[in-house]
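The following exercises ask the reader to examine one protein chain step by step. Each task is followed by a worked solution.

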Amino acid sequence: MPFTAQPAHAPRNRLLAALPAEDLARLRPRLEPVELPLRHVLHAPDERIGAVHFPETGWVSVLATLEGGDAAEVGVIGREGMVGLPLFHGADRSPFEAMAQAGGTALRLEARAFQEELGRSSALREMVLRYAHAFNVLVAWTAACNGRHQIEQRLARWILMGHDRSDGDEFPMTHEFMAMMLGVRRAGVSVAAGMLQKAGLIRYERGRMAVIDRPGLEAAACECHENVRREFRRLLGPANEG
């Protein structure tokens, strides 16, 4: 769903914003601003990835779907990164789905153009390489977190990740979506969200999530969130905290 005008402002996506001015100027005419409506699928499992997307607002979930139809989030991508990393690794598809979890906007770059720009710009290659490693760290900590930590800690961590990628303290969210993201039953999410709300850390009503006490929510989460943020800072700088 394209916009009508090419953005003249500095990109809000932090990978693009970190490029040298010359590299960004060459890349800009090839970037197409697009809208990412809620639940819009950027690429489906095992289907050819036709483009990469650099989110500017909102965020995208990477979902693993099992044979029975259940899905769980294995990664999340906001303005700190890009959707379509398999293209960087030489693959043209992924076993996972990339879906807009919070509606927003992105800059779209065709797959062929992405490969051409990687060949021209060492800065782009380095930034994407660093981001790819940081994203792998996020995926690994997500797996460890889901396997070892209590649902209240996992939910607090997940809300923090959403808050990190939001422009404000409030964003749309439903019990159904939270359950899918965490790979648990809806009833378990309801209890966990109720505990966080009773503690005054969040407000959740009518499909809207609001962070009320960020430090308290960080204390309620496990160490996994800060571990990921620390690695993003180390690899991509203080503005990119995953």
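**Exercise 1: Helix 7 and its end**

Just after helix 7, G183 takes a positive phi of about 70 degrees. Helices (H or I, at least four residues) and strands (E, at least two) are here DSSP runs, numbered from the N terminus. The model is a predicted one, in which local features need pLDDT of at least 70, side-chain atom pairs count only at pLDDT 80 or more, and totals for chains, interfaces and linings use all residues. Residues are numbered from 1 along each chain as its sequence is written, and side-chain values use heavy atoms, with hydrogens and water left out.

Task. Determine which residues of helix 7 are buried.

Solution. 
Step 1. Apply the cut-offs: buried means under 20% relative accessible area, exposed over 50%, and partly exposed in between, with a 1.4 Å probe and protein chains only.
Step 2. List the residues that qualify: H175, F177, M178, A179, M181 and L182.
Step 3. Draw the conclusion. Because six of the eight residues of helix 7 are buried, this helix is largely enclosed by the rest of the structure.
Step 4. Consider M180, which also has its place in helix 7. At 24% relative accessibility, M180 counts as partly exposed.
Step 5. Find the surroundings of M180, taking contact to mean heavy atoms within 4.5 Å. Not counting residues up to four places away in sequence, M180 touches L63, A71, A72, E73 and M99. The C-alpha atoms of M180 and D70 are separated by 7.6 Å, although the two residues are 110 apart along the chain.

**Exercise 2: Helix 6 and its two partners**

Task. Describe how helix 6 is placed against helix 7 and against helix 8.

Solution. 
Step 1. Two packed helices are described by the angle between their axes and the distance between the axes. Axes are lines fitted to C-alpha atoms, for helices over the stretch in contact, and angles run from 0 to 180 degrees between N-to-C directions.
Step 2. Take the pair with helix 7. The axes of helix 6 (residues 151-164) and helix 7 (residues 175-182) come within 11 Å and cross at roughly 105 degrees.
Step 3. Classify the angle: under 35 degrees counts as roughly parallel, over 145 as roughly antiparallel, 65 to 115 as roughly perpendicular and the rest as oblique. Helix 6 and helix 7 are therefore roughly perpendicular to each other.
Step 4. Identify the residues that meet. From helix 6 come R154, L155 and W158, and from helix 7 come M178, M181 and L182. This contact comprises five nonpolar residues, no polar ones and one charged. In this division Ala, Val, Leu, Ile, Met, Phe, Trp, Tyr, Cys and Pro count as nonpolar, Asp, Glu, Lys and Arg as charged, and the others, Gly among them, as polar.
Step 5. Take the pair with helix 8. The axes of helix 6 and helix 8 (residues 186-198) come within 9 Å and cross at roughly 75 degrees. That makes helix 6 roughly perpendicular to helix 8.
Step 6. Identify the residues here. I151, E152, L155, A156 and I159 of helix 6 meet G188, V189, A192, A193, M195 and L196 of helix 8. These divide into nine nonpolar, one polar and one charged.

**Exercise 3: A histidine in helix 10**

Task. Is H225 buried or exposed, and which residues does H225 touch?

Solution. 
Step 1. H225 lies in helix 10 (residues 224-236) and is buried, with a relative accessible area of 5%.
Step 2. Not counting residues up to four places away in sequence, H225 touches R157, L160, M161, D164 and R214.

Key. Contact means heavy atoms within 4.5 Å.
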